[in-house]
Amino acid sequence: MAEDKKESTSSSPLQEDPEDPVKSPPSSPNSSTRKACYAVLQSWVSKKFMTGCVVLFPVAVTFFITWWFIQFVDGFFSPIYERLGIDIFGLGFVTSITFIFFVGIFASSWLGSTVFWIGEWFIKRMPFVKHLYSASKQISSAISPDQNTNAFKEVAIIRHPRIGEYAIGFITSSVTLQRDHGDEELCSIFVPTNHLYIGDVFLVNSNDIIRPNLSVREGIGKIICLEYKEKLFN
């Protein structure tokens, strides 16, 4: 019995208490310093990478749009040169630009304006095409050097579609609403919703319109840029 007691007393110090948590060895100063240096290096690399993306993004977008425009315009006359056996890069683009220039000269003359007026007369009597042509004509008139009163008058920002959200549009005309307590001036605002030539028209009080310091051309460029970015990220 004495020997059993000795064995139990000698083995009890070796038993571990299950309630006591297992203590991990303390971390060395070198490992904590290494982790801090790694975090600083990772933050620096990510910031420089994002800076590079921010710098290169407008350059890439400009190059992509310019290259697409050159290929698009070059495609009008390049098939003709290919059939003639002439393979010179950019020749179709130069020909297209020259052709557009001479069309502008012809359209500025009396004969050209008469021919285009007759063409518009036929187009405006087509059921579906007349709506697309009218919208496209209004947009082209807005950016034309010979702007008239039928084009977009001014860039406007209105509260739409709810309070706290805004939409950019164009003032097309103004009307006067006659009331008992006085007249109220309303502006007709065209807000593009898809590809600039499709949108909604709102009548907004002139006092509720925000007029940014932008020309009509700059406003159209802003809308095209926003639509392109939305499609790019979606």
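What follows is my notebook, entry by entry.

**Ground rules.** I am working with a predicted model, where local features need pLDDT of at least 70, side-chain atom pairs count only at pLDDT 80 or more, and totals for chains, interfaces and linings use all residues. I number residues from 1 along each chain as its sequence is written, and side-chain values use heavy atoms, with hydrogens and water left out.

**Confidence.** I checked pLDDT, the predictor's confidence in each residue, from 0 to 100. The chain mean is 76, and 76% of the residues reach 70 or more. Over residues 5-14 pLDDT stays under 50. I found zero contacts beyond four places in sequence for residues 5-14; contact means heavy atoms within 4.5 Å.

**Layout.** I counted six helices and four strands. Helices (H or I, at least four residues) and strands (E, at least two) are DSSP runs, numbered from the N terminus. The order is α-α-α-α-α-β-β-β-β-α. Of the 234 residues, 18% count as buried. Buried means under 20% relative accessible area, exposed over 50%, and partly exposed in between (1.4 Å probe, protein chains only). Among contacts with a separation of 6 or more, 34% come from residues 24 or more positions apart.

**Helix α4.** I looked at its length next. The expected span is 1.5 Å times one less than the number of residues. For the 14 residues of α4 that gives 20 Å, and the end C-alpha atoms are 20 Å apart, so the two agree. At the start of α4, a side-chain oxygen of serine 109 comes within 3.2 Å of the backbone nitrogen of glycine 112. Glutamate 120 also sits in α4 (residues 110-123). Is glutamate 120 buried or exposed? I read a relative accessible area of 15%, so glutamate 120 is buried. Beyond its neighbours within four places in sequence, glutamate 120 contacts Tyr133 and Lys137.

β1 (residues 154-159) and β2 (residues 166-179) run antiparallel and are joined by six bridges. Two strands pair if DSSP finds at least two bridges between them. Isoleucine 158 has alanine 167 in β2 as its bridge partner. Six residues lie between the strands of the hairpin, and glycine 164 in the turn has a positive phi of about 95 degrees.

**Cores.** I then listed nonpolar cores: sets of buried Ala, Val, Leu, Ile, Met, Phe, Trp, Tyr and Cys residues joined through side-chain atoms within 4.5 Å. The largest has nine residues, including Ala156, Ile158, Ala167, Cys187 and Val204. β1, β2 and β3 (182-194) each supply at least two of its residues. β3 gives the most, three. Another core lies apart, with seven residues, among them Phe170, Phe190, Val216 and Ile223.

**Glutamate 184.** Glutamate 184 is in strand β3. Its relative accessibility is 18%, so glutamate 184 counts as buried. What does its side chain meet in a polar contact? The side chain of asparagine 205 is the partner, at 2.6 Å. A polar contact is a pair of N or O atoms within 3.5 Å; within protein, one must be able to donate a hydrogen and the other to accept it, and residues adjacent in sequence count only if both atoms are side-chain atoms.

**Asparagine 207.** I ended in the loop between β4 (198-205) and α6 (216-233), where asparagine 207 lies. Asparagine 207 counts as exposed because its relative accessibility is 69%.
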